[in-house]
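Subject: Structure for your review

Dear colleague,

Please find below the sequence and the structure that I am handing over to you. I would be grateful if you could look through them alongside my notes.

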Amino acid sequence: LPVPLMMAAFILILAPPVSFAQSPSAQAFRNPQPVKIENLPPGAGGTPISTEEPFLSRDGRFLFFNSGKQEGNKDLYYAKRISKRWVYQGPIGPDVNTSKEVEGNPAMDRAYNFYYIDSGTEAMARKARFSPDTGNLSHIVELAGIPKRKARFFKQELYGNIGVEISADGEVLYFSRATWDLNGIFLGSFLDSDILFTVRQGDTFVFDEDKARRIMKRINTPDMEYAACISSDGLELFFTHLSIAAMKKKGKIQSQIMRATRHSVSQPFGKPVEVRAIGHRDFVEGPTLSSDGRELYYHIRKGNKFRIYKVSR
C-alpha cells in the first residue's frame, strides 16, 4: 500500500471504538417495526399472550418478557434466537410464576445473574441464576441492597420498586422507586417514580442515595421516570417518561422513550431527549438495548395488549 494509506490503516486499527454515547448519529434510530415471537401461546380473547417489558440478554441469545393483566397477572416468559428468529420457549421456571403476585421486568448480566420484580417480597424484587440450557432459575433470593416497600399511612402514601436493570458487568443495579397514593389501606394511583441505582460491594449491593440522585439529577423529574436500560459501556441510559399531569387532567397516558448520555461512568447523565422514531402518540414503555447498541426494543399498546417493537440505528 502507498505510505498514506498504510498510515491511515494503522491509525484506524489503533483507534478505540467510538461509543454511541459520543457519536453524533447516536440518536438516529429509525424504522419502527414489530418483533415477531413464533409459537406464542393463546391468552385473553384468544389472541397470543401480551408481551411486555422486554429484555435482550447480553449475549443476544434470549429475549425475556412478561405477560400482562389481560392474562390475569404478570408472569415471566422467554424466547430464544434460532436462525435469526425469536422462538417462544415457555415460562421461566420452575415455580417462579404465581397466580397472586406480579413477576415481571426481567434483567440479566453477562454472567447469567437474573433479576426481576416480584411483588410478593418486601424489596419487591428477586435475584437468581438463569440456566441457558434449561430456562430455569435457581438460587432465588430476595434482592438485598435496595430500599424495601414502605407505607406512610399519615401521608397516605406507599413507596416501592417497579423496575430493575443490571449493568453488563453486574456491578451496578438500577431500580425504579415509585410512590403510590393510598385510600385507607388500598393502593391508589401513581404519584411519581425516580430512577436510582445501587453499587455492588462484595457479595451484595450498597445503596448511596445522595450519589444516586447526583448522577440522576437530570433524569428524574416530578413526573414518572422508570424502566431503565443501560448500555454495555454504561454511557447511554434509556428509560420511560410518563406525564403525571396528563393522567390527572386528561385521564390520558402520555409516555415517551428517552435517551441520556455521559462521557464516563463516574459522571452524571446529561439532559435526556426523546427517541423520536418511537414517538409518543401511543403508550410505549420498557426499552432494552442490544449489546452492540444498534437495536432498541420496547413495547407498545395495541388494543388491550402490549406488543414488542424495535427501532434500529
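Predicted model: local features only at pLDDT ≥ 70, side-chain atom pairs only at ≥ 80, totals over all residues.

The chain has a mean pLDDT of 90, with 91% of its residues at 70 or more. Residues 1-17 call for caution, as the pLDDT there is below 50. Beyond near neighbours in sequence, this stretch has 1 contact in the model.

Turning to the sheet, 4 strands form an open arrangement in the order β7-β8-β9-β10, and their pairing is antiparallel. In general, strands of a sheet pair through backbone hydrogen bonds. At the edges are β7, covering 103-108, and β10, covering 137-142, each of which pairs on one side only. From one strand to the next, the twist averages 25°. Within this sheet, β8 (residues 113-118) and β9 (residues 125-130) run antiparallel and are joined by 5 bridges. If you wish to locate this pairing in the viewer, I117 has A125 in β9 as its bridge partner.

The residue I would draw to your attention is Q256, which belongs to strand β18, spanning residues 255-261. Its side chain makes a polar contact with the side chain of E274, at 3.2 Å. Leaving aside residues up to four places away in sequence, Q256 touches F239, T240, H241, E274, H280 and V284.

Yours sincerely

How values were computed:
Residues numbered from 1 in each chain as written. Heavy atoms only, no water. Helix = DSSP H or I, 4+ residues; strand = E, 2+ residues; numbered from the N terminus. Polar contact = N/O pair within 3.5 Å; in protein donor to acceptor, adjacent residues only side chain to side chain. Contact = heavy atoms within 4.5 Å. pLDDT = per-residue confidence, 0-100. Pairing = 2+ DSSP bridges. Axes fitted to C-alpha atoms, helices over the stretch in contact; angles between N-to-C directions.
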